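Here are some points for a first reading of this structure. Please keep the sequence and the coordinates open while going through them.

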Amino acid sequence: ERICGRRMDRPLAPEYIGRIMTVRVNTPCGFTEDTQRMVERCARQGGIAVTYGHPHSITNDGPQSERHLVDLFQVVARLRDEGKLQVHLPRTLLAGSTPGVTHARNGAAR
């Protein structure tokens with residue numbers, strides 16, 4: 001990313017650091033078109049898109065605003081309704097009930 005001078009976001013899968021499941025951030029903060037494109041890319045190619053914003057910014061006019069969040073939710077709802085995307089909270093990944101996600105036993109991913 002430093003050499004290219006731009007973000008090199010890509011779909012990802014959970015990985016383990018020791019016995020801790022991690023999912024690295026792969027979208028810019030907020031819910032703008034860049035984040036929406038990553039969600040659409042994961043729906044096409046597989047992988048996990050990590051989207052995030054801070055609640056205090058929802059009323060601002062920036063990338064974490066309610067306007068952008070509603071746009072992202074519309075993209076997510078469409079892809080989910082088309083059967084192209086599954087939506088999960090972190091707790092569902094940890095519970096081991098997520099299809100296509102491997103989990104660790106004794107520190108080793110399977």
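1. Leaving out residues up to four places away in sequence, G53 touches C29, F31 and Q64, where contact means heavy atoms within 4.5 Å. G53 lies in the loop between α1 and α2. Its relative accessible area is 36%, so G53 is partly exposed; buried means under 20% relative accessible area, exposed over 50%, and partly exposed in between, with a 1.4 Å probe and protein chains only.

2. The model is predicted: local features need pLDDT of at least 70, side-chain atom pairs count only at pLDDT 80 or more, and totals for chains, interfaces and linings use all residues. Residues are numbered from 1 along each chain as its sequence is written, and side-chain values use heavy atoms, with hydrogens and water left out.

3. S57 is placed in the loop between α1 (33-45) and α2 (66-81). Is S57 buried or exposed? S57 counts as buried because its relative accessibility is 9%. Apart from residues up to four places away in sequence, S57 touches Q64 and S65.

4. The protein chain has three helices and four strands, in the order β-β-α-α-α-β-β from the N terminus on. Helices (H or I, at least four residues) and strands (E, at least two) are DSSP runs, numbered from the N terminus. Of the 110 residues in the protein chain, 31% are buried. Among contacts between residues at least 6 apart in sequence, 52% join residues at least 24 apart.

5. The protein chain exposes about 7,700 Å², and carbon and sulfur atoms supply 52% of this area. Accessible areas come from the Shrake-Rupley method with a 1.4 Å probe; for residues, only the protein chains shown count as cover.

6. α1 has 13 residues and reaches 18 Å from its first C-alpha to its last, close to the 18 Å expected at 1.5 Å a residue; the expected span is 1.5 Å times one less than the number of residues in the helix. Buried in α1 are T35, Q36, M38, V39, C42 and A43. These residues are on the same side of α1 because they cover an arc of only 160 degrees around the axis, the arc being that of the directions from the helix axis to the C-beta atoms. R44 and Q45, on the other side of α1, are exposed. The buried residues of α1 pack against α2. Just after α1, G46 takes a positive phi of about 90 degrees.

7. Which residues form the largest nonpolar core? There are nine: F31, V39, A43, L69, L72, V75, V76, L79 and L85. α1 and α2 each supply at least two residues of this core, and the largest share, five residues, comes from α2. A nonpolar core is a set of buried Ala, Val, Leu, Ile, Met, Phe, Trp, Tyr and Cys residues joined through side-chain atoms within 4.5 Å. A second, separate core has five residues, including Y16, M21, V50 and L93. Neighbours within four places in sequence aside, L85 is in contact with V39, A43, V76, L79 and R80.

8. A search of the whole structure finds zero disulfides, a disulfide being a pair of cysteine sulfur atoms within 2.5 Å. C29 counts as partly exposed because its relative accessibility is 31%. C42, at 5% relative accessibility, counts as buried.
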